Amino acid sequence: MLRPPDEDGGPRTAGLWPRAGLTATLLTRVAATAELVLGREADVVPRARAFARQVATGCSDDMVGDLELVVSELVTNAILHGAPPVLVRLSASRDLVRVEVHDAGHNTPIVQGQTGHDMTGRGLTMVAAVASRWGVDASPGGRKLVWAELQPQAGAPGGPGAPPGSRRPGGGAGRPAGTGPDIDALLAAWPTEDLDAASYEVELGPVSTELLLAAKAHMDNVVRELALLERAEATSHVPLPAEMAQLVRTVSVEFADVRAQLKRLAAAANARGDKLTDMVLRVDAGAARAGELYLAALEQADRWARSARLLTLAPPRAHRVFREWYVRSLVGQVRALASGLPRPGMRPLDAHLADELEDLTLRAEDSDRLSVLQKVTAGLAEARSVEEMGEIVADNAIGLPGVESARVRLVTDEATLRIVASRARGEARAEAYPEYPIDADLPAALAVRERRRVFVASLVDAFDSDPRFKGFYQPGRSAHIVPLVADDTALGMLSLTFVSGELTSESEISLVQSLADALGQAISRAKLAAAEADKRETLRLLADATQVMVTAREPAEVLDRIVKLAVPRLADWCTVYLADGDVLRRVSMAVQGHPEVAERYRAVPLDLALDTPQARAYRTGAPQTVCEVGWLLEGLYPGLDFPQLGGDRDRETGLCVPIELRGERIGVVAAAFLGSGRRVNAQVVEALSGLATRAAIAFDSARHWSAQRKLVQALVAALLPEMPAPVAGFEFAARYVPAGGDVAGDWWEVHAVPDGRVLIGVGDAAGHGIPAVSVMSELRHGARALASVETSPSALLAALGANLSGVEAHFATALYGLLEPPTGRLYWASAGHMPPMHLRADGAVAVLGDEPGPPLGAPGARPADRQLLLEVGETLLLYSDGVVERRDGSLDEGIDALAGTLSGRAQEELQLLADRIMLAHGSNPVDDCCLLLVRRCAS
């Protein structure tokens with residue numbers, strides 16, 4: 001029951017209020033009015049509902065509930081689709097309660113057909129269901145009034161005496177209950193004086209009413225959520241981000257009149273049961289700009305919906321297509337009409353949807369094509385060989401519609417097309433042409449030569465003349481052949497065989513072309529990478545050959561190491577021949593996996609006058625490539641089991657390059673490429689030629705070094721002393737092991753002096769080779785001569801040093817002594833040499849001497865004379881530094897080790913003791929080793 005407001009403020013009243021507690025029947029005798037003004041506050045709907053409940057105290061529960069529902073829904077509609085301030089007026093007359101909601105907007109509320117996904121539009125349906133009548137009135141200035149009347153009826157559902165909780169259907173003016181006002185009459189009567197005088201009628205044509213309702217329902221959901229965001233901003237006083245605030249304003253305000261007209265048209269058509277809605281709108285010139293802003297804002301809203309920044313889901317594709325079509329069509333018509341131009345022709349929505357469907361189909365095809373290409377590209381990136389790359393493309397191409405087989409052929413170094421991958425549906429068959437020349441009269445060869453796609457309508461007709469293809473292709477087969485091209489170079493081809501078909505669509509042709517392009521680029525990159533790897537391996541191979549060139553000492557060793565470098569790093573078979581008069585003689589040979597071949601077969605000389613690749617390379621000085629080299633090797637090595645060495649006899653190749661030294665040819669190096677799959681190319685020629693050059697230099701160096709070594713060996717043998725005639729009471733043992741072969745500058749000495757004394761000593765001339773031997777010879781013979789005139793070892797060493805100092809950059813260390821056999825007394829002196837060792841009869845070892853004097857040839861004080869008395873059974877050890885020098889220890893450690901070997905061996909036979917010392921300390925010397933053992937024994 002309506003009552004006055006509370007004292008703390010509330011609804012305003014007019015007229016008389018019935019007393020509290022009166023029944024609803026008093027409404028028939030007393031009239032009253034209450035009002036509530038609302039703004040933008042977030043709680044406007046709860047306040048309106050509380051207002052309705054407050055003023056209806058005393059009415060039945062059903063009446064209070066109906067009143068609360070109607071007030072809530074009409075206020076909500078005004079907030080969402082109108083503009084504040086909102087005035088709510090409740091009035092009671094004799095037989096009804098009237099609810100009026102005034103707002104500053106003029107968009108007419110419409111009862112729409114519900115789609116099941118609407119978040120708006122249900123409120124007016126409920127209002128129409130409970131009200132006896134409802135309607136919309138326009139007010140001057142663009143304002144509107146939405147009203148509803150509730151009429152309690154005695155004995156009727158919801159009226160006096162009705163069962164609790166029952167409802168009565170609305171009804172009014174002869175219309176079905178709850179349907180609201182007559183939409184056609186309402187639209188016809190709605191005033192348009194608030195529209196711009198310069199308005200235009202836009203004809204968009206008929207569209208599906210169901211689509212229009214669904215699209216507008218989704219749009220209302222978006223507007224509702226954005227309006228809620230704006231209300232939340234007003235309540236929380238936290239401003240929206242600028243971009244979102246602009247979106248809210250644009251979607252809610254811009255284009256609002258057009259949206260309202262579309263909603264009314266859809267509602268009216270739906271009420272009439274029309275399947276199509278004729279979209280005829282009346283808009284002003286500003287609708288063009290507003291439409292563009294509205295469309296851009298909705299696209300942003302869609303993006304936010306997809307990224308979950310809105311609760312409303314992104315619209316279906318059909319809705320987006322529809323709104324873009326109608327907004328852009330409207331904008332185009334308005335601008336044309338505003339410019340005085342004829343109305344542009346309209347493209348129907350179904351044609352626009354057909355275009356969109358075709359675009360989606362093409363996009364799906366493009367997506368499938370990109371998916372295949374991504375899969376192929378990923379596989380090609382991981383492939384380890386061009387064969388594997390071809391298999392990846394063939395595996396994916398065989399899955400295309402109508403494709404019966406897919407093949408990949410690549411161009412070889414021999415200008416042929418060799419198959420590397422083949423896939424077929426059903427049972428696989430052997431290829432009729434595994435490899436054929438690139439100049440063959442065949443479609444695939446033509447595609448590669450001319451670098452263009454080739455279509456073969458009938459493979460049977462195309463290959464009918466070739467007996468190898470008899471029965472290979474079944475009737476009705478066609479082929480699409482695409483060359484593999486990279487950097488304007490044809491690398492091979494991809495061919496697809498079809499069963500009664502071909503590539504018809506541009507997307508299919510584009511996909512196959514993309515597969516071919518991807519494969520061509522991958523093969524090109526693989527070839528470049530392989531070439532770089534081959535080049536690096538060639539450089540490493542030649543670097544190793546250079547090391548051989550500077551370290552090998554024997555000619556035979558040089559050639560053996562060269563062929564072992566070549567096999568298997570470069571070739572499967574390598575042989576070196578040297579010229580010997582009119583023939584080439586094999587001097588070194590290596591075969592991959594068959595080390596016994598060189599020993600099994602006699603080295604047959606090759607006549608230089610014969611037409612063999614080796615002889616041609618020697619005579620012409622140019623590399624000679626050999627095809628099917630297996631046949632040549634069988635002639636040279638009859639009975640050799642070639643299937644163990646190589647499989648494909650037709651692909652076995654060889655190369656012969658001359659070995660030249662200072663412009664003169666001295667031999668040939670030959671290489672064969674068998675089972676490894678290697679082929680002769682420019683990189684192989686460069687590598688083998690580099691090996692031949694280094695072999696020549698190393699061979700020449702080793703030959704000269706060998707000659708020099710033999711000369712020095714003879715010289716050393718002539719210069720080293722022989723053991724003198726037996727000396728009463730003494731025994732001698734000497735050993736000599738050069739570190740660098742048979743050439744060295746170390747020496748030992750035992751020489752009888754005319755006065756009865758014995759000259760003993762050891763020495764070490766700096767360096768190696770003939771210069772060191774020359775210094776050694778000078779010092780040893782000089783010492784012998786000086787021993788006859790000098791009375792002490794120190795004087796002898798001083799004289800030797802004085803004579804050597806004139807020889808530039810020559811130094812030597814030496815230890816000399818003069819032994820008196822009758823007494824066993826020894827006088828000795830050291831010029832920078834290793835300290836001697838004294839092995840006493842009890843086995844104890846003493847290292848003799850303090851600091852030695854300076855080396856011979858170096859400035860410094862004269863060395864000191866020392867003396868030692870050798871008793872019977874005692875031994876003296878003289879040695880060079882090679883005996884005690886080690887890579888992993890100091891000289892002191894070497895001296896201690898030598899003393900340890902000598903200790904306790906006073907009774908061991910002297911020659912055996914010398915051998916023991918050399919075995920322990922001279923088996924792997926870092927410098928020349930020389931030692932002299934002197935033992936006093938019983939007379």
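Reply: Happy to; below, each label is set against its cut-off. Please keep in mind that this is a predicted model.

Me: Let's begin with the whole chain. How many helices and strands are there in the protein?

Reply: The protein has 23 helices and 30 strands. Of its 939 residues, 48% count as buried. Among contacts between residues at least 6 apart in sequence, 66% join residues at least 24 apart.

Me: Now a single residue. Why is E68 called buried?

Reply: Buried means under 20% relative accessible area. E68 has a relative accessible area of 16%, so E68 is buried. You will find E68 in helix α2, residues 61-81. Not counting residues up to four places away in sequence, E68 touches R49, A52 and R53.

Me: And what makes G824 buried?

Reply: The cut-off is again under 20%, and G824 has a relative accessible area of 0%, so G824 is buried too. G824 lies in the loop between β24 (812-820) and β25 (825-831). Leaving aside residues up to four places away in sequence, G824 touches F730, L819, L868, L869, L870 and R936. G824 and R936 are 112 residues apart in sequence, yet their C-alpha atoms are 7.3 Å apart in space.

Me: Why is strand β6 described as largely enclosed by the rest of the structure?

Reply: Strand β6 covers residues 143-150, and seven of its eight residues are buried, so the strand is largely enclosed.

Me: How do you know that β4 and β6 pair?

Reply: Two strands pair if there are at least two bridges between them. Strand β4 (residues 97-103) and β6 have seven bridges, so they pair, and they do so in the antiparallel sense. As one example, H102 has L145 in β6 as its bridge partner.

Me: Which residues make the contact of α8 and α9?

Reply: From α8 they include A287, Y294, L295, L298 and R306. From α9 they include R320, Y326, V327, L330 and R335. Taken together, the residues of the contact of α8 with α9 divide into 10 nonpolar, one polar and 10 charged.

Terms used. Residues are numbered from 1 along each chain as its sequence is written. This is a predicted model: local features need pLDDT of at least 70, side-chain atom pairs count only at pLDDT 80 or more; totals for chains, interfaces and linings use all residues. Side-chain values use heavy atoms; hydrogens and water are left out. Helices (H or I, at least four residues) and strands (E, at least two) are DSSP runs, numbered from the N terminus. Buried means under 20% relative accessible area, exposed over 50%, partly exposed in between (1.4 Å probe, protein chains only). Contact means heavy atoms within 4.5 Å. Ala, Val, Leu, Ile, Met, Phe, Trp, Tyr, Cys and Pro count as nonpolar, Asp, Glu, Lys and Arg as charged, and the others, Gly among them, as polar.
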